[in-house]
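The sequence and structure are shown below.

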2 protein chains.
Amino acid sequence: MEIKYDYTSVMASAVGSEHGLTEAELSEALESYSGVPRKLEELRASGGADYMNLPYDGALTESISGLVDAKRGRFENFIVVGIGGSSLGSRAVFEALSHPYHNLLPAKERGGPRMFFPDNVDPELLAGLTDTLDPAKTVINVITKSGSTAETMSNFLVLAHWLMCGPDASPADHIVATTDPEKGALRKMAREEGFQTFPVPPGVGGRFSVLSAVGLVSSAFAGIDVNRLLTGAAAMDKRIRESKPATNPALVAAIIHTQLDRKKGKRMAVFMPYAQCLRATADWFRQLWAESLGKRLSTTGDVVNTGQTPIAALGTTDQHSQIQLYAQGPNDKLITFVEVKKFRSEVRMHELYESDATSYLWGRSLGELMLDELAGTRIALTDAKRPNATIIMPVVNEETLGQLLFMLQVQTSYAGMIYGVNPYDQPGVEAGKVAAYALMGRAGFEEKLAQIRRKSAAPRLEV
Amino acid sequence: MEIKYDYTSVMASAVGSEHGLTEAELSEALESYSGVPRKLEELRASGGADYMNLPYDGALTESISGLVDAKRGRFENFIVVGIGGSSLGSRAVFEALSHPYHNLLPAKERGGPRMFFPDNVDPELLAGLTDTLDPAKTVINVITKSGSTAETMSNFLVLAHWLMCGPDASPADHIVATTDPEKGALRKMAREEGFQTFPVPPGVGGRFSVLSAVGLVSSAFAGIDVNRLLTGAAAMDKRIRESKPATNPALVAAIIHTQLDRKKGKRMAVFMPYAQCLRATADWFRQLWAESLGKRLSTTGDVVNTGQTPIAALGTTDQHSQIQLYAQGPNDKLITFVEVKKFRSEVRMHELYESDATSYLWGRSLGELMLDELAGTRIALTDAKRPNATIIMPVVNEETLGQLLFMLQVQTSYAGMIYGVNPYDQPGVEAGKVAAYALMGRAGFEEKLAQIRRKSAAPRLEV
């Protein structure tokens with residue numbers, strides 16, 4: 001089962017040439033960027049895009065399954081302690097492939113632990129979590145590639161102490177650390193304390209790590225078939241490698257995004273699945289697109305300030321929140337729908353309460369309604385000359401999700417090359433970190449603190 | 001306890017005159033729009049802004065408390081069946097003022113039912129819900145002002161049938177309907193079937209209804225003091241009425257948003273609370289701002305295609321997802337932080353695992369860390385000339401949340417006046433609805449269906 005990328009409604013033939021690509025513009029761009037896939041393969045061969053090799057790490061999935069066999073039945077709760085790329089991928093896979101009310105199911109039906117993703121240093125959130133769960137029945141998976149992410153280490157200190165206050169004075173059995181294979185503070189702690197560990201491959205950045213141990217350990221605990229997830233990703237890899245530019249879905253999508261941004265003023269990229277289970281996938285994509293492409297400098301050192309702003313939306317929910325703006329506001333967005341052809345369960349509307357607000361629904365299913373609503377929205381936006389594309393998933397399962405995640409990552413790599421920026425770094429978060437370290441009083445940041453104090457002496461404007 | 005609006009870092013003195021407002025620009029705008037608050041009061045007096053009177057409806061809160069007394073202890077689950085403005089406000093209040101893991105707490109600690117907001121017609125979501133809950137112990141609050149919203153009525157048909165399959169053959173005791181006081185299909189059903197009902201005031205639109213029965217019934221069931229919520233809103237109303245333009249926080253914020261959009265190219269408005277509990281409030285604001293201001297036509301009938309795109313973000317989480325883009329991408333955003341000075345619970349970091357990644361955190365609290373991270377991000381964005389404002393909440397409680405919700409609604413009304421659009425309609429969602437009705441085969445839409453069929457006969461471009 002293959003996912004597809006339908007770009008009919010981004011073309012000038014559908015939305016006019018002011019907002020859509022003409023056939024000439026598309027073929028010209030396909031010609032100009034026809035070398036991009038080969039360049040990415042060269043980068044991959046030289047070790048510069050290691051995320052592309054993650055689908056083939058059978059040794060990893062075997063060792064994960066060993067851990068899961070040993071621990072899954074013994075624990076009632078599993079907490080992912082991570083932030084950004086160390087949490088969003090895990091959550092995306094979990095939400096896409098699990099029961100929508102997983103944590104409320106009885107243990108027997110769940111078949112695995114309840115899953116928690118407290119990806120914020122919010123004291124109410126953490127206190128709420130430790131008040132609610134039993135430390136004796138909880139395993140935590142602390143994930144940070146560097147081993148020193150402030151938010152992750154903070155929550156880890158809180159939760160590790162809480163585990164120690166439980167009946168197990170030594171919490172090593174409750175802690176799984178996913179971090180750099182050699183370096184960093186967390187790796188050192190893990191060695192000293194005897195935590196079970198998994199590696200974050202050195203050449204894989206956080207937002208490209210969903211198919212590494214970062215995303216797979218929690219997924220396996222949640223009962224997801226991680227081998228099939230990787231099989232799906234490998235199938236997309238093969239399809240991309242064997243395709244010509246015009247039939248490479250990641251390249252076509254990257255070209256459409258970048259050209260609509262540059263030539264048609266589509267400064268925002270809305271990612272809008274019509275499936276509740278893909279809401280967290282939209283959040284994952286939002287990080288991938290924003291951090292990879294939002295850059296001050298090009299690879300040649302010019303100030304470019306690039307980056308389309310990604311927006312996570314959800315159908316049908318946001319038809320009642322955002323579609324008014326998307327249809328009638330400034331025409332500055334490219335919208336990508338995700339259409340799921342068949343849902344894993346179906347519900348019919350019963351013949352109740354006869355009225356003109358209900359009778360036309362009788363006998364129809366919610367899945368049909370979802371598809372009709374997506375089609376209706378697509379038609380209306382296209383008629384209003386708002387360019388839109390649709391990713392079509394036959395069904396959401398491990399294989400199609402693996403394809404989707406892999407495709408979106410390659411699309412992002414391609415887009416980086418087209419924009420001429422490095423999609424694998426994030427120099428823009430450093431300044432905020434340094435200022436926060438200074439304010440926290442971390443040693444070595446005294447000068448920054450003095451500078452902040454001087455600047456912030458001026459009175460604030462407040463009302 | 002008053003909330004404050006700090007706009008120091010939207011000024012040219014902080015971020016330069018290319019991206020921030022000069023003092024002259026601000027005073028000029030305050031002068032130009034000094035009549036806006038009076039115009040809104042006139043509209044209110046003539047019945048055109050009835051949402052502003054919601055804080056004073058004591059009879060409503062009394063009748064809600066009667067219902068809650070009669071039913072709250074008897075039910076284990078409460079489902080809000082609504083979408084858009086009929087769900088987002090309820091959820092915002094619930095998440096802001098409840099335990100972060102409310103639904104996992106034992107009944108005794110919860111003190112009320114578990115709360116569910118399935119605001120989508122997703123069959124997996126609905127089947128998941130009915131598989132998990134016991135209909136005998138469930139009350140549903142179906143909310144639609146018109147009484148005919150397709151998504152809401154669909155989910156209602158599914159859930160009402162499910163209730164009937166439970167031990168109570170007649171589900172009237174389990175159903176509370178919130179709808180127009182006189183008109184519409186749901187009102188008629190409620191009369192015939194004997195559902196308990198609450199009114200949506202005719203002059204109050206969905207996205208301005210959080211302080212009506214739409215938002216208050218579920219909040220009261222969740223154990224929230226709705227009278228204090230209204231008291232907070234009334235305090236903001238009073239403060240706004242008694243203030244001069246320059247000290248009216250809603251006007252200052254409306255001017256800053258609209259002027260930064262029009263004069264400084266800030267086409268996006270990011271709303272970024274540094275508090276997990278306010279995430280749903282950001283989603284609520286996102287609807288309010290988008291649907292109210294994203295308009296094709298001005299009130300004088302000119303094609304304007306206005307509307308700043310609102311973006312919901314969350315600190316510290318999105319520092320690891322969006323800040324790279326906000327700091328280094330195109331300078332096209334106004335960011336509004338929400339700073340919470342004191343959290344309702346606090347957690348300290350323990351002296352564990354000595355290392356340079358942990359020791360500087362020892363003894364600090366998560367609440368302090370949150371404030372330092374916000375300050376660090378604000379400093380870094382300001383240094384990068386990215387305009388930003390901060391709403392300061394001393395603490396999140398009923399009173400401060402009431403102030404915040406009321407202020408943001410008035411700010412939206414003011415912004416509509418400044419843009420010259422009608423913030424209370426949503427003509428842009430009609431076309432999508434009509435197309436969806438046609439596809440669903442609803443009577444009366446046959447011609448639209450034939451038109452869609454003709455148009456969609458062309459082959460799709462797919463890869």
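Which residues of helix α9 (residues 185-193) of chain B are buried? In this predicted model, the buried residues of the helix are B:Ala185, B:Leu186, B:Arg187, B:Met189 and B:Ala190. They pack against three strands of chain B, namely β4 (138-143), β5 (175-179) and β6 (196-199). Just after α9(B), B:Gly194 adopts a positive phi of about 80 degrees.

Two packed helices are described by the angle between their axes and the distance between the axes. Two such pairs are set out here.

| Helix pair | Angle | Axis separation |
|---|---|---|
| α4 (residues 58-71) and α10 (residues 213-221) of chain B | about 40 degrees | 10 Å |
| α17 (residues 430-440) and α18 (residues 446-455) of chain B | about 90 degrees | 8 Å |

With an angle of about 40 degrees, α4(B) is oblique to α10(B). The crossing of α4(B) with α10(B) is right-handed. On the α4(B) side the contact is formed by B:Leu60, B:Thr61, B:Ile64, B:Ser65 and B:Val68, and on the α10(B) side by B:Ala213, B:Leu216, B:Val217, B:Ala220 and B:Phe221. Classified by residue type, this contact of α4(B) with α10(B) has eight nonpolar and two polar residues, with no charged residues.

For the other pair, the angle between α17(B) and α18(B) is about 90 degrees, and these helices are therefore roughly perpendicular to each other. Helix α17(B) contributes B:Val434, B:Ala435, B:Ala438 and B:Leu439 to the contact, while α18(B) contributes B:Lys448, B:Leu449 and B:Ile452. The contact of α17(B) with α18(B) has six nonpolar residues and one charged residue, and no polar ones.

**Relation and contact of the two chains**

Two copies of a chain are related by a rotation about an axis and a shift along it.

In the interface, 121 residues of chain B are in contact with 121 residues of chain A. Helix α15 (residues 366-383) of chain B supplies the largest share of the side of chain B that touches chain A, with twelve residues. That side of chain B consists of 57 nonpolar, 40 polar and 24 charged residues. Of the interface residues of chain B, 100% are also interface residues in chain A, so the copies meet through the same surface.

How values were computed. Residues numbered from 1 in each chain as written. Chains lettered and ligands numbered in written order. Predicted model: local features only at pLDDT ≥ 70, side-chain atom pairs only at ≥ 80, totals over all residues. Contact = placed C-beta atoms within 7 Å. Axes fitted to C-alpha atoms, helices over the stretch in contact; angles between N-to-C directions. Helix = DSSP H or I, 4+ residues; strand = E, 2+ residues; numbered from the N terminus. Parallel < 35°, antiparallel > 145°, perpendicular 65-115°, else oblique. Nonpolar A, V, L, I, M, F, W, Y, C, P; charged D, E, K, R; others polar. Left-handed = near helix turned anticlockwise from the far one by under 90°. Buried ≥ 20, exposed ≤ 12 C-beta atoms within 10 Å, placed from the backbone.
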